[in-house]
Amino acid sequence: MGKPVDYSKFLKTIDKSKTIGRGFHDPSIWVPTGHFLLNYFISGKFDRGIPLGKFTMLAGDSGSGKSFICSGALVRHAQKMGITPVIIDTENAIDEEWLIDLGVDTSPDKLMKFNLAKVNDIAKVMSEFVDWYKKEFDGLPKEERPPFLFIIDSLGMTITDNEEKQFNNGEMKGDMGIKAKQLNSLVRNCVHMISEYDIGVVATNHTYASQDMFDPEDKVSGGRLLEYGASILVAMRKKKDKDGSQVTGINSKCKVMKSRYGRPFITADVIIDFKKGVNPYSGLLDFFIELGVVNQGGAYASYVDKNGEEVKDFKSKFKNEWLDKIMSEFDYDAYALKSKQIAEEELKELHDGIVLDSEEETE
């Protein structure tokens, strides 16, 4: 085996570098999305959500509720946790009155907001902010450094210097792929810059309909590298919610496409009221019924708690405080095991189907 190796001199040299990080940087601060089920699918816990120190992207078609979750719910919850939100508005569409109606404190000492259009300007703000943060707080223990949450709403509406120059000259030739390259660079650099700090970045982006009959899922604007760069990717698709003939909100189908903390490729139904914002409990009862945690008999739903006491009512009248109790008693380990078994069964079914197809072709 040889004698033990002393790495201390090598590590001292590495630690002197300002560009090389070392060790693990697991998230310690999570900002709730305002929706319990979406929190769970992203982070594996109902009371977590978006991790700081990571780059998260919410991509969807227009009106799918991206801004309600990012600029509304996430910012509101961040402020409650003592986290300073920084909104970068590229669409010039986030009004102060709208934010106040969603419960956001727009005071200058509670919220920073920048109106930026160009990718280079966003990169400049992000880079200079992280440089300032390092100079101010690198000497402090991590728990004493202030946390921040950046919201970029949205990447899809950004422009490049080349596009601005062409427009000012009365030309519309396109940017020859420059925007996609700049956005890819922005995401990759942000991932690197924030990884050691309690600084989160959440960006919204547009999607467009796929033209590939073999891959019908909507595509994220800006290219596949944006999907690879983001630590967490949530795809959103709208379905308008109606009260009689009046449209009152959005039923957003939120599918977690990528996450290392929860089980991906599961869809959460997020109900968003135009006036009240995100309904935190939407879809939660159906989820517990599907798991078998809550029993359904006809129109009734019932739950037996850890003390053996039963609560029962019409499914439509099942109380939110009962759902709170179920979440507080939820056995995460048992469901993780069940999820693993389900995944193994799905993989076996897929394998058996492939073998069967192969045998039929041979015959």
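The legends below describe close-up views of aromatic pairs, charges over rings and a helix contact in a predicted model.

**View 1. The tilted ring pair of phenylalanine 129 and tyrosine 133 in helix H5**. Among the aromatic pairs of this model, which come to 28 by the rule applied, this view takes the one formed by phenylalanine 129 and tyrosine 133, whose ring centres lie 6.2 Å apart and whose planes stand at 35 degrees, so the pair is tilted. Both residues belong to helix H5 (residues 119-137), where they are separated by about one helical turn because they are four residues apart. Phenylalanine 129 counts as buried at 11% relative accessibility, and tyrosine 133, with a relative accessible area of 1%, is buried as well.

**View 2. The stacked ring pair of tyrosine 300 and phenylalanine 314**. Here the ring centres are 4.5 Å apart and the planes are at 25 degrees, so the pair is stacked, given that planes under 30 degrees apart count as such. Since tyrosine 300 lies in strand E15 (residues 300-304) and phenylalanine 314 in strand E16 (residues 310-314), the pair ties together parts that are 14 residues apart in sequence. Tyrosine 300 counts as partly exposed, at 36% relative accessibility, and phenylalanine 314 is likewise partly exposed, at 34%. Over the face of tyrosine 300 lies lysine 312, at 5.3 Å from the ring centre.

**View 3. A cluster of aromatic rings, with a lysine over the ring of tyrosine 332**. Ring pairs join Tyr40, Phe41, Phe46, Phe287, Phe288, Phe330 and Tyr332 into a cluster. The charged end of lysine 45 is placed over the ring of tyrosine 332, a member of this cluster, at 4.0 Å from the ring centre.

**View 4. The packing of helix H5 against helix H7**. Because angles under 35 degrees count as roughly parallel, H5 is described as roughly parallel to H7. On the H5 side the contact is made by Val119, Asn120, Ile122, Ala123, Met126, Ser127 and Val130, which meet Gln182, Leu183, Leu186, Cys190 and Met193 of H7. The residues of this contact divide into nine nonpolar and three polar, with no charged residue among them.

How values were computed
Residues numbered from 1 in each chain as written. Predicted model: local features only at pLDDT ≥ 70, side-chain atom pairs only at ≥ 80, totals over all residues. Heavy atoms only, no water. Phe/Tyr/Trp six-rings, centres within 6.5 Å; stacked < 30°, edge-to-face > 60°. Helix = DSSP H or I, 4+ residues; strand = E, 2+ residues; numbered from the N terminus. Buried < 20%, exposed > 50% of the residue type's maximum accessible area, 1.4 Å probe, protein only. Lys NZ or Arg CZ within 6 Å of the ring centre and 35° of its normal. Axes fitted to C-alpha atoms, helices over the stretch in contact; angles between N-to-C directions. Parallel < 35°, antiparallel > 145°, perpendicular 65-115°, else oblique. Contact = heavy atoms within 4.5 Å. Nonpolar A, V, L, I, M, F, W, Y, C, P; charged D, E, K, R; others polar.
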